[in-house]
Amino acid sequence: MGGLSLICGKFKDEFIQLPYLARERFQQIYEASLHGKVTCACCNQPLKLYLGIKQKPYFYHADHAVHEQCEQYSETIQQAAASKEIVYKETNGFRMPSQGAIGEDQPKKESAWKPYQLAKLGSAPLRSKEKTAAKSILEVKLDDTQLEAVTTIDGPLLVLAGAGSGKTRVLTTRALYMMEEQQINPGSIMLVTFTSKAAQEMKHRLNEYSTSQASGRLVCGTFHSIFYKILLHSDQERWNGQHLIKWDWQKEQYIKSAGRELGLDEKEFPYDQALQQISFWKNTFLSKREIKPETEWEEQALFLYEKYEEMKSAQNQFDFDDMLIKCYELLLENPNLLAQYQKRFRYFLVDEFQDINPVQYELLKMLSSHTNQLCVVGDDDQSIYAFRGSDPSFILNFKNDFPDAKIVTLAENYRSSHEIVSSANSVISKNKQRHQKAMNAQYQNEAPPLFFFPHDEEEEATLVVNDMKEKLENGAKPGEFAVLYRTHTAGRAIFERLAQSSIPFTIEQEGLSFYERRMVKGLLAYLRLGMNPDDSAAIVHVMSALFIKQSALNDLKAFSITHDCTFVEALTKLESLQPFQKAKIKRIVPMFAKLKTLKPAAAIDMIEKDMGFSDFLKKRGNEGNAIEKGSDDLKDLRVLANKFDTVAELLEHVEHMTAKSKEWKQKRDPHAVQLMTVHRAKGLEYEHVYILGAVDGGLPHDFALDSFRKGDEKPIEEERRLMYVAMTRAKSSLSVSVPQYRRGRKAIPSRFIRGLMV
Ligand SMILES: Nc1ncnc2c1ncn2[C@@H]1O[C@H](COP(=O)(O)OP(=O)(O)OP(=O)(O)O)[C@@H](O)[C@H]1O
């Protein structure tokens with residue numbers, strides 16, 4: 001930064017002294033300064049606010065030039081303020097300080113800017129290079145334990161691989177070693193991966209290192225691809241790809257038609273969540289009879305499950321989950337067929353074993369039972385897919401099912417600095433359900449993980465982007481950065497800040513963007529109708545928030561034409577409503593016009609409290625979704641709304657960002673900054689990693705804290721593993737954000753990292 005650092009400036013008619021600026025206003029003044037709205041209290045030239053992680057906020061001249069007079073002025077103010085002896089007088093048209101008593105307008109409360117902290121490091125030793133001396137096998141460099149994992153061929157083997165310990169290297173080299181050094185028939189080896197991306201990478205590496213053509217005959221793929229082939233081979237017609245239900249929207253068509261039997265609202269019922277629940281039941285082998293619904297929502301999902309299976313069978317169709325379940329049933333019911341496959345496959349290598357689900361596990365056990373040649377590689381500390389039916393107890397209890405199994409632990413971390421590794425070790429060591437192990441790093445970089453303390457989610461995004469800019473100016477490349485967050489919605493602010501910057505980035509986002517989410521869309525529809533009472537898209541959402549059947553929409557449109565009135569006014573003319581609904585509408589219709597006169601946050605309050613939205617939120621807000629609740633979405637929307645002075649400005653921002661979000665959905669660029677949830681980051685590595693929202697309720701997520709209070713520790717342990725996965729993605733720098741406020745309420749640092757903080 002060129003120029004001087006100043007502590008005071010002018011914004012509108014206000015004289016701002018940074019040491020006394022209310023903490024929640026830094027973001028506002030920062031944004032105002034970007035738009036040239038903050039000026040020097042001494043020379044009136046535009047000022048910018050530095051708002052970053054590494055230094056306290058300060059003003060500097062936008063032209064980066066040296067303004068000596070302004071510096072003197074700022075220093076005088078600072079000294080006088082420190083001695084609490086400041087009054088102001090006008091000098092040459094400028095408001096200048098002079099000695100005397102404290103002025104009337106002197107703010108007294110110091111702003112609570114909290115400087116960053118470096119993690120306290122434990123005393124874990126750094127493993128010396130000699131102990132991990134590299135050996136080469138088939139020209140691949142391996143350390144002692146990697147070598148052991150590669151060359152131990154006979155009998156069941158569990159390779160417990162810590163983060164960054166070279167799982168991929170071990171699995172591929174093992175396959176090569178078996179084929180090329182042990183002369184094992186490649187056609188008898190099955191290598192199973194968790195994702196098709198991982199399968200491709202394995203195949204690529206095998207081809208690269210293989211000296212013969214043998215690797216082409218090895219079967220390498222995901223569970224789905226391999227077991228589907230078995231099904232297809234058993235009955236080409238029955239399992240023809242044309243019968244596959246490929247897309248969720250196809251499944252939704254079935255369950256929506258079943259939902260109509262229950263009178264479930266097509267737009268409002270969370271059918272996506274119901275599909276996830278059905279898939280969970282299927283993958284955990286829970287038959288429809290065994291499921292004991294505990295809530296109305298589960299009852300509804302179970303009904304949809306039964307109907308879905310009936311409709312699917314009637315059409316002779318199958319889905320992705322069936323590929324495994326039906327294959328399991330096929331082999332169980334046909335011992336001869338099973339024997340054929342057992343004869344064909346003798347060796348099984350499985351990646352990401354910690355995320356295996358019961359169906360997958362049973363299939364593997366069944367196929368490998370005759371040879372016991374099962375080698376599984378995984379890290380129980382990285383098991384993060386319980387919601388899909390994955391169960392870390394399979395890796396934890398491997399020895400129970402395979403008593404003669406050998407266990408090799410890969411504890412050398414080749415990815416991250418010692419500082420990051422020992423912090424991650426200390427976090428995960430608090431989990432009770434795990435194999436005890438600690439990773440050893442290979443190098444030190446004197447850069448412990450850093451904790452920083454933004455005021456809220458908005459300022460968090462600003463601090464991250466500005467810190468990135470500094471690193472980019474110092475030579476880092478955009479593709480070396482990842483920003484990780486617990487849920488998709490927690491990535492909204494950083495997405496918006498980057499979209500407004502010139503830094504290239506990509507975002508991994510499935511499903512709806514924040515503004516398309518049900519509760520957010522519903523609430524924004526009120527604001528839109530407030531601005532334009534004839535907004536035809538908004539009226540549809542408001543009607544559903546008021547529990548008015550969509551069939552009344554035509555009547556409403558007709559009324560608006562025949563009575564020459566707006567859609568909002570026509571609401572009062574609807575006849576098909578219950579008397580209590582009519583009374584409610586009569587009460588709230590006049591309020592629409594008032595919305596645009598309020599500040600956005602106040603307008604949101606009015607919609608929720610006075611205009612019936614809270615009823616909608618209560619009934620529909622949290623249905624079937626413990627992870628991303630509608631009520632939380634509204635809190636997030638409030639945090640955003642606080643940034644704007646008018647409803648029109650807020651809506652303009654929403655429109656702009658919705659368009660940007662659509663645009664970015666298509667973009668994939670490995671050379672850009674990567675934004676993604678922690679789940680998506682598994683298996684990946686980046687030079688610089690930022691973890692957002694490291695507060696209780698964020699990570700660990702609220703739902704896990706709830707379960708913990710009720711005595712169930714499993715979810716909180718899985719959340720701790722998520723923190724561990726996030727931390728271990730970083731190679732050389734890890735910055736963890738601990739916002740002081742989250743969703744408008746005071747937050748406390750995540751219980752996972754408190755031990756690392758001073
Ligand atoms: N023996 C070795 N010597 C040097 N580098 C190695 C060695 N083994 C692995 N690596 C490197 O360490 C990094 C981490 O390896 P890899 O991504 O395979 O780890 P992983 O066990 O799959 O990690 P995670 O489970 O955390 O995703 C890679 O960059 C890899 O090339």
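This is a predicted model: local features need pLDDT of at least 70, side-chain atom pairs count only at pLDDT 80 or more; totals for chains, interfaces and linings use all residues.
**Ligand site**

The shell around the ligand holds 18 residues. Nearest to the ligand come Gln146, Gly164, Lys167, Arg415 and Arg729. By class, the shell has 8 polar, 7 charged and 3 nonpolar residues. Strand S10 (140-142) supplies at least two of the shell residues, and so does helix H4 (167-181). H4 gives the most, with 3 residues.

| Residue | Protein atom | Ligand atom | Distance |
|---|---|---|---|
| Gln146 | side-chain N or O | nitrogen | 2.8 Å |
| Gly164 | polar backbone atom | oxygen | 2.8 Å |
| Glu685 | polar side-chain atom | oxygen | 3.2 Å |

Taken alone, the ligand exposes 650 Å². The protein buries 82% of that area.

**Helix packing**

Two packed helices are described by the angle between their axes and the distance between those axes. Helix H17 spans residues 492-499, and helix H26 spans residues 647-665. Their axes lie 11 Å apart, at an angle of about 90 degrees. Angles of 65 to 115 degrees count as roughly perpendicular. H17 and H26 are therefore roughly perpendicular to each other.

Which residues make the contact? H17 contributes Phe495, Glu496 and Ala499. H26 contributes His653, Met657, Lys660, Ser661 and Trp664. By class, the residues of this contact divide into 4 nonpolar, 2 polar and 2 charged.

Note on methods:
Residues are numbered from 1 along each chain as its sequence is written. Side-chain values use heavy atoms; hydrogens and water are left out. Axes are lines fitted to C-alpha atoms, for helices over the stretch in contact, and angles run from 0 to 180 degrees between N-to-C directions. Helices (H or I, at least four residues) and strands (E, at least two) are DSSP runs, numbered from the N terminus. Angles under 35 degrees count as roughly parallel, over 145 as roughly antiparallel, 65 to 115 as roughly perpendicular and the rest as oblique. Contact means heavy atoms within 4.5 Å. Ala, Val, Leu, Ile, Met, Phe, Trp, Tyr, Cys and Pro count as nonpolar, Asp, Glu, Lys and Arg as charged, and the others, Gly among them, as polar. A residue is near a molecule or strand if one of its heavy atoms lies within 4 Å of it. A polar contact is a pair of N or O atoms within 3.5 Å; within protein, one must be able to donate a hydrogen and the other to accept it, and residues adjacent in sequence count only if both atoms are side-chain atoms. Accessible areas come from the Shrake-Rupley method with a 1.4 Å probe; for residues, only the protein chains shown count as cover.
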